[in-house]
Amino acid sequence: MFSSAFKSISATNITGNYTISSNPTSTAGPWKIYDAKKKSTGKSYSVFVFDKKSLDSHGSALGRSGAASFKKTVEEVVERLRKEASSLAKLRHPSILELVEPVEDTRGGGLQFVTEAVTASLSSVLHEKDEHERAGPGGRSSRFVTEDSDGVKRRRELEIDELEIQKGLLQISKALEFLHENAGLSDWKISGLAFCSPPDGSDKPTSIQGISLYEVLNMDPRLPKAVQLNLDYTSPDFVVDSNLNSSADMFSLGLLSVALYNSPHASPLECHGSLSTYKRLFSSSSSVPSVTNNYLSSRPLPRELSHDVLPRLITRRPAQRMTAREFQQSEYFDNVLVSTIRFLDSFPAKTANEKAQFMRGLNKVLPSFPKSVMEKKILPALIEELKDRELLSLILQNVFKILDLLPSARRAFGEKVRPSLREIFVINAKQQEKDPARDAGLMVFLENISSISSNCSGKEFKDADHLDMLPVIMAAIECPTHSIVDAALRSLPVVLPVLDFSTIKNELFPVIAAVFSKTNSLAIKVRGLRAFVILCGGTSGEDDGLNGVSKTSSSSALDKYTMQEKIVPLIKAIKTKEPAVMIAALDVLRIVGGVADADFVAMDLLPILWSMSLGPLLNLKQFQSFMELIKSLSRRVEDEQTRKLQELGGTTTTPSEDFMAFGGVTGTTFEPTSENDFEALVKGRPSTTSAPEEKKPSTPQPPTFAWSTPPPTNNPTKPPQKSFRTVTPDLGRFEAMTPLSHRPFLLLLSRHSQRLHNQQHSVGTHEFTIHELDDTHAALPKSIVHSSSASWECCARPRSADLERPFESEHGVRSDRADRADRAKVRIGQV
């Protein structure tokens, strides 16, 4: 509890609000530079820390009297360093280090302050390169460590090439110009101490307190060299003439220029901190750097620097030295790359036409720039100018060009480019309905989607915390400009591989489907259908024009349900008969038909295909394409249905074919009867066989249909009844019926004669008329009934034609007919 309370009391503003790395990344004189991030924003900064113990260790061997004086000297050094750091708060310039948090005292009596992010100091970089050159090609790598956006720390090689040197010297000269002409100061940062003081005789107002040359030139051997003046980069105006003027900074700038090209990277003046050695060097012309001795450099210097610049910098007379502004205008900086950097520095002051021309030409010279210059200088400047909507498309072309050239493009894209793109195309897009300049920039974004996908992981595309790029693509799909929509749909082969199935189905596909169903443009219809092909797992079959690869991952394709229930209804609702649309729909249905169920193919896909194939605008080749797919899908349906029925045939019984038997009608069948029964019937004799049992009238049952196998009966012992079938006779096949003998007919006639004999009629009459036989015509042959007279012969021997007719008599009506025959029998008997 006491330790936590002590920490809260001892914590300063810097340690409480910043997360500071445990190891320093570089040193600058007595200051150690640490990487830091602000806890509230996560932005990177640098913390400069001075440890007072580095001074106390040098005075530990001194006596009591010496220790007291040394303590006073240490306090003076600390106060001077405090004044030096506090001066940064009063100096605001792009080429001067920006102070973020003021100077604070540490627990051990040291100092610390926060500035903008610093990669390394120049002295540390030069020392690192010297060690690397001495070690040779197999030497150790750079000790400068950088932290990527994903939190991984990596070593980074720091190269100082020609352009880096020119850019650095140009930046220092701009800072000197500001200090000399605006702030009225003589800057000594390049001398090693990094403190400022007004020059002698200056009348310009300034808040910076002056220093005494006596204090600076009084070299104390008890103190480390880091807190004292570095004589190797000091002008003879200070050491020899004791003159404090701004021209002394230009002499030091010349010495620094030579050190940047020298090997090892050291000043041509080496006095090892001794004033006497320094004065002795200037007593001889051979030991003074000049054009005759190549300024004491072990390596050749650029001609513009050695012949035009250094003679006017490293000179004994201050009046012969060029100013900081003249240094910037020298021929040493007269090249395209340096001029580009200078133009970019003054970009806000240029006209709109000059800005546009610069952006069009920058794309051609970017490959000539060093990678570090593009990442640290050009890219931040371009992103800063994205606020100018008129130059949005031109600036983005250069931004993506830089990303293609940088080896660390993923980190640069994540830290600088991606947040700006989301702000422009997603956040600001909600406030403006239609912006031509924004649409032009969005087109550049879509044309470089391949570079974006390679520098942006799938997590940054789809996760909620990094959902930056997918909203931009969706905004492009919903854009009212058709060219933007077309470019967005063409980018799907590049985007889909970095997205998962859920994101594609639930977020991307609904937007594409809505645009496809609402658009009136045939071109967007065709492009939407090709997008469906990609979403279903196919390929577009054409160059996407986006410098990307037309490929998709099988895991990213839509599922079968979405294809059948979402995509097919959209295709079915197409009203146009344009061949381009029909062929594009054919490609979609071909993929869907390969994964859809057979019944869905038969009931849904094939009708759509047949309807489209009969379009009046299709040519022969297009029609044949439809027919090939129709035949292929039809064969698939046939094969699957055949296989299914074959599998079902071995396990199920065939249904009965008697489902069409409706049952017979009563009385339409002939029951078999014997010859004796019929003879007894017609003769009136009782039958020898027993009378058939009377059957109860049965209620006619409604006909039943047997469409399937009948269910089993409840009584398993009862044998199954055969199904009743009715046969309609063919009457044309039956021949005329003839009696087997004439005896039944003669017997009938004899009975009629006996009855007629008993009646009261005259005897001897052997003729009778038709009127007398009217009542008996039903029982006699027609030959007798229709004759005017009859003889016994004709009655006894009827014609064969009459006998061939069936005897019209039935058992139930014989008594009535016999009565009529009795009246005719008497007369026949009389005959």
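Colleague: Where is Gln112 found, and with which residues is it in contact?

Modeller: Gln112 is found in strand S6. Leaving aside neighbours within four places in sequence, Gln112 is in contact with Thr12, Ile14, Thr15, Phe48, Val49, Pro102, Val103, Glu104 and Thr106.

Colleague: Which strands pair with S6, and in what sense?

Modeller: Strand S4, residues 44-50, pairs with S6 in the antiparallel sense over 5 bridges. Strand S5, residues 99-105, also pairs with S6 in the antiparallel sense, over 4 bridges. Ser46 stands opposite Thr115 in S6, and Glu101 stands opposite Val114 in S6. S5 and S6 form a hairpin with 5 residues between them, and Gly109 in the turn has a positive phi of about 90°.

Colleague: Which residues other than glycine have a positive phi?

Modeller: His272 is one of them, with phi near 55°. His272 is found in the loop between H9 and H10. Its relative accessibility is 61%; the cut-off for exposed is over 50%, so His272 counts as exposed. Leu296 is another residue of this kind, with phi near 55°, and is found in the loop between H10 and helix H11 (303-309). Leu296 has a relative accessible area of 31%, which lies between 20% and 50%, and is therefore partly exposed.

Colleague: What makes the bond between Ser263 and Pro264 a cis peptide bond?

Modeller: The value to look at is omega, which is about -5° for the cis peptide bond that joins Ser263 and Pro264. Pro264 lies in the loop between helix H9 (247-261) and helix H10 (275-281).

Colleague: How do you know that Arg316 forms a salt bridge with Asp241?

Modeller: The closest N and O atoms of Arg316 and Asp241 are 3.0 Å apart. The rule asks for a distance within 4 Å, so this pair is a salt bridge. The pair links distant parts of the chain, 75 residues apart: Arg316 is in the loop between H11 and helix H12 (324-328), and Asp241 is in the loop between helix H8 (236-239) and H9. Arg316, at 35% relative accessibility, counts as partly exposed, as does Asp241, at 39%. A network of salt bridges links Asp237, Asp241, Arg316 and Arg321.

Colleague: Why is it said that Lys560 and Asp597 tie together parts of the chain?

Modeller: Their side chains meet in a salt bridge, at 3.0 Å from N to O. Lys560 lies in helix H26 (residues 560-572) and Asp597 in the loop between helix H27 (579-595) and helix H28 (598-613), so the pair ties together parts that are 37 residues apart in sequence.

Colleague: What makes Glu98 and Arg92 a salt bridge, and how many salt bridges are there by this rule?

Modeller: Glu98 and Arg92 meet at 3.8 Å, N to O. That value is within 4 Å, so the pair qualifies. By this rule the count comes to 23 salt bridges.

Colleague: Where does pLDDT stay under 50?

Modeller: Residues 705-709 are one such stretch, with 11 contacts beyond four places in sequence in the model. Residues 760-814 are another, with 66 such contacts. Where pLDDT is low, the predicted coordinates should not be read in detail. For the chain, the mean pLDDT is 76, and 66% of the residues reach 70 or more.

Methods
Residues are numbered from 1 along each chain as its sequence is written. This is a predicted model: local features need pLDDT of at least 70, side-chain atom pairs count only at pLDDT 80 or more; totals for chains, interfaces and linings use all residues. Side-chain values use heavy atoms; hydrogens and water are left out. Two strands pair if DSSP finds at least two bridges between them. Helices (H or I, at least four residues) and strands (E, at least two) are DSSP runs, numbered from the N terminus. Buried means under 20% relative accessible area, exposed over 50%, partly exposed in between (1.4 Å probe, protein chains only). pLDDT is the predictor's confidence in each residue, from 0 to 100. Contact means heavy atoms within 4.5 Å.
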